[in-house]
Amino acid sequence: MHRTQKMFSNRAKFNHFLQTLSVTLLHVVQFSGATHIPSIIILYQLFFYTPLWPFVLLYLSWTYLAEWKTPERGGRDLLRNFMRRLSIFKFIRDYYPITLVKTRDLDPQKNYIFGYHPHGVFTEGASIGLNTEACGFSEKFPGIIPHLSVTSVILKPLLYRDILMSLGVIDVSRDSLEYNLTQKGAGHSVVIVVGGAAEIREMGFDSYALIMKRRKGFIKLALQTGCDLVPVFGFGQNNLYLNIIGGSSCSQYSRPQLWFRNFTSYLRTCFLPTRSPINVVVGSPISVSKIDKPRKEDIDKLHTRYIDELKELYENYKDKYHPSERSELLII
């Protein structure tokens, strides 16, 4: 019995190590890859110091001449299913852990706009829960193919952009989103982190300040394409970096001061989030009728309904997935 318990203990420790290693690798790739530095070093070394220099030229030619606009034209489908099922994402899932909660079925013959809230620091809930198969997305929502949308700056660095596109990541520009929703066929849907990185400044432990009042672009897109809206809430998303200062308690600081305090606090975390659960709850789809030229009244009406549905989603599931007396939701 003692030997069996020891074996289980050793296995648990090894899994714990793999989870930590996977999250560390993810953050290293995110930080370094987005800086262009690794791609420049790797391509430079391959070109000048290996016989693979023709492949470097071929890669650069293909990227800049043929594929530079790919993130705006649906991304890549090649290897997407393989990449989304890599074991590393399951280790990352178990590190927190992250769970995906389904509340309603989604029609695979439709295209959807998933609005993810809140942003958090790295949107782990959206990246792992919705854009990989670690939490069983395709089993819960068969026929739905999600494409996480990010700012175009993230999709510029060489090599790093290839990793992201192989996961189905696309540009968050209007043309890119519209192309995915109308040109790629039924089931192809987009994931938009509505509040954006600006919500990092508003982060507070056990609280969610969502920047929503002026975010109406995705509402207009839904009306013009006739795609249903699906609110998604990541309970626990803001509790991963306890040392990052944000929210109303920091309103006395200027933006540069606040950024510096956040940055130095973040460095103290050693770039690793705490092991705190994230429960990604996918709400009910909001039916949208197509309007080629929506009026301001149409946009405002749907925007109000979306916020109401998001609040209801939060109220219905906060006690189950984020039980805390301090938990609160603010729309700013």
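Guide: Strands E3 and E5 run parallel and are joined by 4 bridges. Two strands count as paired if DSSP finds at least two bridges between them. Helices (H or I, at least four residues) and strands (E, at least two) are DSSP runs, numbered from the N terminus. In this pairing, Pro146 stands opposite Ser189 in E5.

A note on the numbers. This is a predicted model: local features need pLDDT of at least 70, side-chain atom pairs count only at pLDDT 80 or more, and totals for chains, interfaces and linings use all residues. Residues are numbered from 1 along each chain as its sequence is written, and side-chain values use heavy atoms, with hydrogens and water left out.

Back to E5. E5 also pairs with E2: 4 bridges, again parallel. There, Val191 of E5 is the bridge partner of Phe114.

How enclosed is E5? It is largely enclosed by the rest of the structure, because 6 of its 6 residues are buried. Buried means under 20% relative accessible area; exposed is over 50%, and partly exposed lies in between (1.4 Å probe, protein chains only). His188, Val190 and Ile192 point one way from E5. Ser189, Val191 and Val193 point the other way, and all of them are buried. In a regular strand the side chains alternate between the two faces of the sheet.

Now widen the view to the sheet. It is open, has 7 strands and shows mixed pairing, in the order E1-E8-E7-E2-E5-E3-E4. E1 (98–102) and E4 (170–171) stand at the edges with a single partner strand each, so one side of each is left without a neighbour in the sheet.

Helix H9 (residues 174–183) lies across E2, E3 (145–150), E4 and E5 (188–193). H9 runs at about 150 degrees to E5. Axes are lines fitted to C-alpha atoms, for helices over the stretch in contact, and angles run from 0 to 180 degrees between N-to-C directions.

Step across to E2 and E7. E2 is joined to E7 (residues 228–235) by 6 bridges, and the two run parallel. Phe114 stands opposite Val230 in E7. H12 packs on the sheet too, touching E1, E2, E7 and E8 (278–282). The direction of H12 makes about 35 degrees with that of E7.

H12 has a kink of about 30 degrees, centred on Glu315. Such a bend is the angle between axes fitted to the seven residues ending at a residue and the seven starting there. The buried residues of H12 include Ile299, Leu302, His303, Tyr306, Leu310 and Tyr314.

Return to Phe114, the partner of Val191. Leaving aside neighbours within four places in sequence, Phe114 is in contact (heavy atoms within 4.5 Å) with Ser189, Val190, Val191 and Ile192, among others. Its contacts also include Leu106, Phe137, Ile144, Val230, Val232 and Val282. Phe114, Tyr116 and Leu130 have the most contacts inside the largest nonpolar core, which has 40 residues. Another core, of 33 residues, lies apart from it, with Ile113, Leu181, Phe233 and Val288 among its members. A nonpolar core is a set of buried Ala, Val, Leu, Ile, Met, Phe, Trp, Tyr and Cys residues joined through side-chain atoms within 4.5 Å.

Next, the loop between E2 (112–117) and H6 (124–130), where Thr123 is found. Pro118 sits in that loop too. The peptide bond from His117 to Pro118 is cis, with omega near -10 degrees. Thr123 has a positive phi of about 50 degrees, although it is not a glycine. Thr123 counts as buried because its relative accessible area is 10%. Beyond four places in sequence, Thr123 is in contact with Val193 and Gln237. Val193 brings us back to E5.
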